[in-house]
Amino acid sequence: MNATKQEAPGRQEIEELLPWHAAGTLSRRDAQRVEDALARDPELARRYELVRDELGETIHLNETLGAPSARAMEKLFAKIDAEPARRQVSFSLGSRISEFFASLTPRTLALASGAAVLAILVQAGFIAGMMLNETTTGGYQTASAPATAPDAGSFAIIRFAPQASSEEITKFLETNKLSIASGPMAGGLYKVRVAVTGIPKAELARIVKKLQEDKAVGFIATTE
Amino acid sequence: MQTTSDEVLISRIAGGDRLAMQVLYARHHVRVYRFVLRLVRNEATAEDLISEVFLDIWRQAGKFEGRSAASTWMLSIARFKALSALRRKPDEELDDEMAEQIEDHADDPETALAKKDKASALRQCLARLSADHREIIDLVYYHEKSVEEVAEIVGIPEATVKTRMFYARKKLSELLKEQGIDRGWP
């Protein structure tokens, strides 16, 4: 009974995390802290077993609570049917992209955004380097149709894989001669220029399909 | 095979897709019902509330921004509905006798004979916790919610989530001790 009055330093803080550790909902960092503490503190490990018992019995208890009858669903959909009609769902590209944004978890978004920020910084340097090279070599340019006009070319919308490193993203962009035309947009998405000229849709789709296979790519689709 | 995410379903629901609503309901109604039932402790009330919760999801789908997991958002709505119902009908909150009835639903004869087992005693004590303590234990252990998600659902700071969980567990030990089971903690 006096166990809590003679706690090892820091045990209380770790002990408070034990329920989440048992449920597997701690961050990797906190989970490691708990694992380390459990390995060196036998009393904490004993208490962790109590937590695991609680977890198991809470699940057991909840699983015995049954489920609502079909009446609940009937009632719900009767109410829904009585609601004013809404606009119909569109299956346009814009709608699908919106759905894609919605499908990203906050954690994925954060990781994707981080990767995307790195990517744009690297890409900016890459583009600047290319421009400098072009300037020094005096390449041919027209006044009316610069190669980097914002709306010229063929494009895809891309989200980099959350686990992709900045090196992998840079290599992916360089290897495939892609440049970022705009972004980041919501969901860590970027518009990338696949070609500086308009290419047939079928050809663009084929290129994008091939790009999808790269491990640096989380999502890619053609866009206008 | 990849299933359509909850977030995508909700975006479709926002556009009036009834089928998406059916999928979302099928996916979550049991867990939401159990969460509500553990709060209101009345099966008929819980069943009525489920319709209300999912009707709110239908109506508010367009406001869902995906900042938190869809299940966290749905449990927040369910909690609000359950607490509102309890405020309207406080007499519906279950007493100890009804708590035992809930426990008894699952008891087959073999389980009944083993009532004095530690696991069974633990379940009985879980059913006897206060509403605040039941709620946090269920959210953490059954609904697998992180500290941050519990804080969002319950509307309390993360530090309070941890201490409330700690005291819920402490109370559980006390209730077990009253039944003659000393866990040696706290």
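This is a predicted model: local features need pLDDT of at least 70, side-chain atom pairs count only at pLDDT 80 or more; totals for chains, interfaces and linings use all residues.
**Exercise 1: an overview of chain A**

Work out how many helices and strands chain A has, and in what pattern they follow one another.

*Solution.* Begin by counting: chain A holds eight helices and four strands. Next, read along the sequence, where the pattern is α-α-α-α-α-α-β-α-β-β-α-β. Then look at burial: of the 224 residues of chain A, 37% count as buried. Finally, take the contacts in chain A between residues at least 6 apart in sequence; 70% of these join residues at least 24 apart.

**Exercise 2: two helices that cross**

Describe how helix 1 (residues 11–23) and helix 3 (residues 42–63) of chain A meet.

*Solution.* Start with the axes, which come within 9 Å and cross at roughly 35°. The next step is the hand of the crossing, and for helix 1 and helix 3 of chain A this is right-handed. Now find the residues in contact. On the side of helix 1 of chain A they include A:Ile14, A:Leu18 and A:Ala22, and on the side of helix 3 of chain A they include A:Leu44, A:Val51 and A:Leu55. To finish, sort the contact of the two helices by class: nine residues are nonpolar, one is polar and five are charged.

**Exercise 3: one residue in chain B**

Decide whether B:Val150 is buried or exposed, and find what surrounds it.

*Solution.* First locate B:Val150, which sits in helix 9 of chain B. B:Val150 has 0% relative accessibility, and because buried means under 20%, this residue counts as buried. Next, leave aside the neighbours within four places in sequence: B:Val150 is then in contact with B:Ile136, B:Leu139, B:Val140, B:Lys145, B:Gly155 and B:Val161. Take B:Val140 from that list. B:Val140 and B:Val150 are 10 residues apart along the chain, and their C-alpha atoms are separated by 7.4 Å.

**Exercise 4: the largest pocket**

Find how much space the largest pocket holds, and which residues are closest to its centre.

*Solution.* The volume comes first: about 790 Å³ of space lies in the largest pocket. Its lining has 31 residues, and the closest to the centre are B:Ala69, B:Glu144, B:Lys145, B:Ser146 and B:Glu149.

How values were computed
Residues are numbered from 1 along each chain as its sequence is written. Chains are lettered from A and ligands numbered from 1 in the order in which they are written. Side-chain values use heavy atoms; hydrogens and water are left out. On a 1 Å grid over the protein atoms alone, a cavity is a set of points where a 1.4 Å probe fits but cannot get out, and a pocket is an open set with protein on both sides within 12 Å along at least five of seven lines; lining residues have an atom within 4 Å of a point. Grid points are joined across faces, edges and corners, and a volume is the space filled by probe spheres set on the points. Axes are lines fitted to C-alpha atoms, for helices over the stretch in contact, and angles run from 0 to 180 degrees between N-to-C directions. A crossing is left-handed if the near helix is turned anticlockwise from the far one by less than a right angle, and right-handed if clockwise. Contact means heavy atoms within 4.5 Å. Ala, Val, Leu, Ile, Met, Phe, Trp, Tyr, Cys and Pro count as nonpolar, Asp, Glu, Lys and Arg as charged, and the others, Gly among them, as polar. Buried means under 20% relative accessible area, exposed over 50%, partly exposed in between (1.4 Å probe, protein chains only).
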